[in-house]
Every structure is written in C-alpha cells, then in structure tokens.
Amino acid sequence: MRLHCLSQIMVAIVAITVMGGCAIDKVEPRHSIIIPPAPEEPRLVFIDAYRGESTFVQGPNALDVLIGDTQIDVGKNIKKPYGVGGFGGRIYVADTGSAAVFVIDPKKKKVSLIGDQPVGKLVMPVDVAFSKDGTLYVSDTVLKRVHSYDQNGTFKSAYGMKDEFYRPSGISVNSDLGLLYVVDTLAHNIKVFSLAGQLVSTIGKRGDGDGEFNYPTNIAIDNRNGNVIVCDTQNFRIQILDKDGKFLGKFGEVGDKAGMFARPKGVGVDSDGHIYVVDAAFNNVQVFNDKGELLLFFGTPGTGPVQFQLPAGLSFDEHDRLIIAEVFSGRVQVFQYISEKWKKENPNEYQKLKQQ
C-alpha cells in the first residue's frame with residue numbers, strides 16, 4: 001500500500017439502491033464498493049453484511065404490503081456482537097447479547113450457534129480465534145476462561161484455572177508455535193498458554209512504558225513473523241511485540257486527527273502485514289504499515305455498506321477476508337483484501353475492479 005492524499009481515500013459509495021419493501025434493511029450495490037475509490041489502486045472490496053437468519057430471508061412482496069401482512073419470521077439474529085473470526089468460509093461472531101457464538105454460512109445460507117448447550121455453555125463471549133486445524137477458541141469475561149470447540153461445535157476444553165483471569169477479552173492463536181494469547185484487560189497483561197492448556201508466560205504490567213498496558217482489549221498475530229499486535233486501549237496506542245513478548249514498537253496517541261485514536265478496539269493483520277484498527281468513537285477503520293505509518297482509513301457513521309455504528313471486533317480469515325462487527329447495528333460486514341496473491345488467483349475479477 002502507498003500513502004495517498006487522505007481526502008481521496010474516504011470511501012465513495014456509489015450507485016446503491018435499497019431493495020424495495022424489504023423489511024430486513026438489506027442493500028444491494030449495483031457496482032462493487034471499492035476502497036479506496038478509483039483512480040486509486042483497489043485495496044479492499046465490500047462483500048456483504050450479515051445479521052443472522054434475516055439476512056437470508058426474502059422481504060415481503062407488494063401484495064403483502066398492500067394487505068398489511070408484512071410479518072416474517074427472521075429466526076436467529078445477532079444482538080450485540082463483539083469479537084469476530086472466519087474459518088472454512090464461515091463467519092463466527094461472539095454475541096454477548098445471545099450468550100453464544102453465531103456461525104454464519106453464506107454459501108449454504110444457514111445460521112447455527114455454538115456455546116448454547118449445557119456442556120461448554122457460554123455466558124458472555126467476547127472474542128473468537130482459530131488454530132489451523134479448525135479448533136475454535138472463545139473468551140468469556142463472566143466465566144473468566146477460554147473455551148475450545150471442535151469444527152462441529154462440540155466443547156473440547158477450558159483454559160484458565162480459578163482466579164487465573166480477571167477479565168479475559170481479546171484472543172489470538174499462533175498455530176505454528178502452538179500458543180494461545182489471551183488479553184486480560186483488568187490485569188493489564190497478556191497471558192500465553194500452550195494449546196494443551198498450560199500457562200507458559202505472562203507479558204506486561206500496568207503502565208504507559210514500552211511493553212506496559214492500560215486496559216488492553218484486542219490482539220492479533222502477524223502470520224508472517226509471529227509478531228503480536230496489541231490494542232493498548234487506554235494508552236490510545238498499538239504495541240507490537242515479538243512472539244516472546246519483547247517490545248518491538250508502538251504507534252498512536254489520543255486525538256481526533258488521522259492516525260490518532262479515541263476508542264481503539266479491534267485489531268487485525270492482513271497477509272501483507274498491514275495493521276487494521278477499529279475506532280469505536282470515529283466509526284471507522286484506520287490502516288497502518290508495521291512502522292505505524294497511516295496508509296488509509298475508511299468508514300463513516302451510518303447503517304449502509306462501509307458505514308459503522310459502534311464497531312468493535314475486527315479479524316481476517318485464512319483467505320484474507322476482513323470481518324468487522326458493529327455493536328449498535330447488530331451486524332457484521334465482510335470485505336476482501338486485494339493482495340498480490342489474490343490478484344494472481346483472480347485476474348479477471350481484478351481487472352473488473354480496476355475498470356469500475
């Protein structure tokens with residue numbers, strides 16, 4: 001990514017029409033929504049927004065509207081999402097309002113829940129993460145532990161002994177090293193577990209120095225090198241650590257200008273090492289390189305595509321799809337990162353994007 005004039009980078013949402021009479025607030029863009037807009041090189045393209053089963057329900061027809069029969073069964077819908085993740089083409093949403101993890105399968109147009117059964121039942125799930133074998137990890141702030149589930153949603157094990165966590169929040173997995181990183185927000189540190197369940201180390205303490213934290217919330221792993229990216233929320237910055245917790249760098253400060261933070265939350269890293277940070281106060285996402293240089297930002301307040309209402313969790317799946325949760329809107333938005341690998345694998349689609 002190159003740094004361009006920021007006034008040209010804000011997303012232009014063009015040619016969008018709302019489905020007539022649809023009761024589920026679904027929008028259909030006539031053209032792809034590309035970030036940044038032409039003539040800049042495309043970096044992200046909007047895929048869709050999902051709320052749950054209502055996403056796949058057709059709205060009422062004109063006759064239904066005329067006779068007043070417009071009620072439809074929307075089924076299971078997200079209430080208050082926070083952490084998000086993706087694996088195997090499915091979207092996973094930690095929904096604190098439903099006390100479960102939503103599993104949305106766009107291809108099959110199906111929605112299911114994990115953590116709603118007596119064994120492995122969740123109370124307040126806040127984040128999700130995956131290992132390469134498809135094991136799902138879920139942090140729960142009320143239970144004060146992390147649960148793991150297999151690909152069928154069956155409970156496997158729990159991480160965290162009694163009183164080991166104060167408030168577990170953001171989690172991420174380094175599958176190559178077999179390590180689970182858990183942000184403990186009220187302890188102001190990061191606890192590192194083996195995937196077998198043993199506590200390996202604790203990183204950081206409360207403070208504003210290098211490698212210290214003040215109410216950290218979210219975390220991500222740079223799969224290129226194993227670096228750990230931490231949203232140090234009340235220090236209004238991002239810290240970069242190596243896999244062992246050694247401080248490597250930081251960027252950000254409190255403020256309302258580009259490159260600054262007010263309420264930083266979710267953080268993620270694409271396959272090329274760009275760092276994405278959600279700001280719940282700005283209702284946008286800022287993108288940096290690993291030196292902390294701002295490359296672009298996107299998003300405005302609202303309910304349409306590439307608009308946000310209190311965004312929180314942010315994550316990339318194994319196919320470089322960016323997933324963002326919105327607490328107030330009760331939905332997630334999904335984007336495709338246009339990496340060099342993606343361009344080579346999808347040359348025709350890439351040319352279409354450039355021509356729009």
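Trainee: What is the mean pLDDT of the chain, and what share of its residues reach 70 or more?

Mentor: Happy to start there. This is a predicted model, and pLDDT gives the predictor's confidence in each residue. Here the chain has a mean of 89, with 86% of the residues at 70 or more.

Trainee: Over which residues does pLDDT stay under 50?

Mentor: Look at residues 1–30, where pLDDT stays under 50. The model still has 72 contacts beyond four places in sequence for that stretch.

Trainee: Good to know. What does the secondary structure of the chain come to?

Mentor: You will find 3 helices and 29 strands. Of the contacts with a separation of 6 or more, 46% join residues 24 or more positions apart.

Trainee: Now the interior. How much of the chain is buried?

Mentor: Buried here means under 20% relative accessible area. By that cut-off, 55% of the 356 residues are buried. As for the surface, the accessible area is about 16000 Å², and carbon and sulfur atoms account for 49% of that.

Trainee: Which residues have the most contacts inside the largest nonpolar core?

Mentor: First the general idea: in soluble globular proteins, nonpolar side chains tend to be buried together. In this chain the largest nonpolar core has 19 residues, and those with the most contacts inside it are L44, Y276, V285, F298, L322, I324 and F335. Strands supplying at least two residues each include β4 (44–50), β22 (275–279), β28 (321–326) and β29 (331–337). The largest share, 3 residues, comes from β4.

Trainee: What does F335 touch, leaving out residues up to four places away in sequence?

Mentor: Among its contacts are I35, L44, V45, F46 and I47, along with F298, V306, F308, L322 and I324. F335 also touches D320 and R321. Apart from this core lies another, of 15 residues, including I229, C231, V269 and F288.

Definitions and conventions:
Residues are numbered from 1 along each chain as its sequence is written. This is a predicted model: local features need pLDDT of at least 70, side-chain atom pairs count only at pLDDT 80 or more; totals for chains, interfaces and linings use all residues. Side-chain values use heavy atoms; hydrogens and water are left out. pLDDT is the predictor's confidence in each residue, from 0 to 100. Contact means heavy atoms within 4.5 Å. Helices (H or I, at least four residues) and strands (E, at least two) are DSSP runs, numbered from the N terminus. Buried means under 20% relative accessible area, exposed over 50%, partly exposed in between (1.4 Å probe, protein chains only). Accessible areas come from the Shrake-Rupley method with a 1.4 Å probe; for residues, only the protein chains shown count as cover. A nonpolar core is a set of buried Ala, Val, Leu, Ile, Met, Phe, Trp, Tyr and Cys residues joined through side-chain atoms within 4.5 Å.
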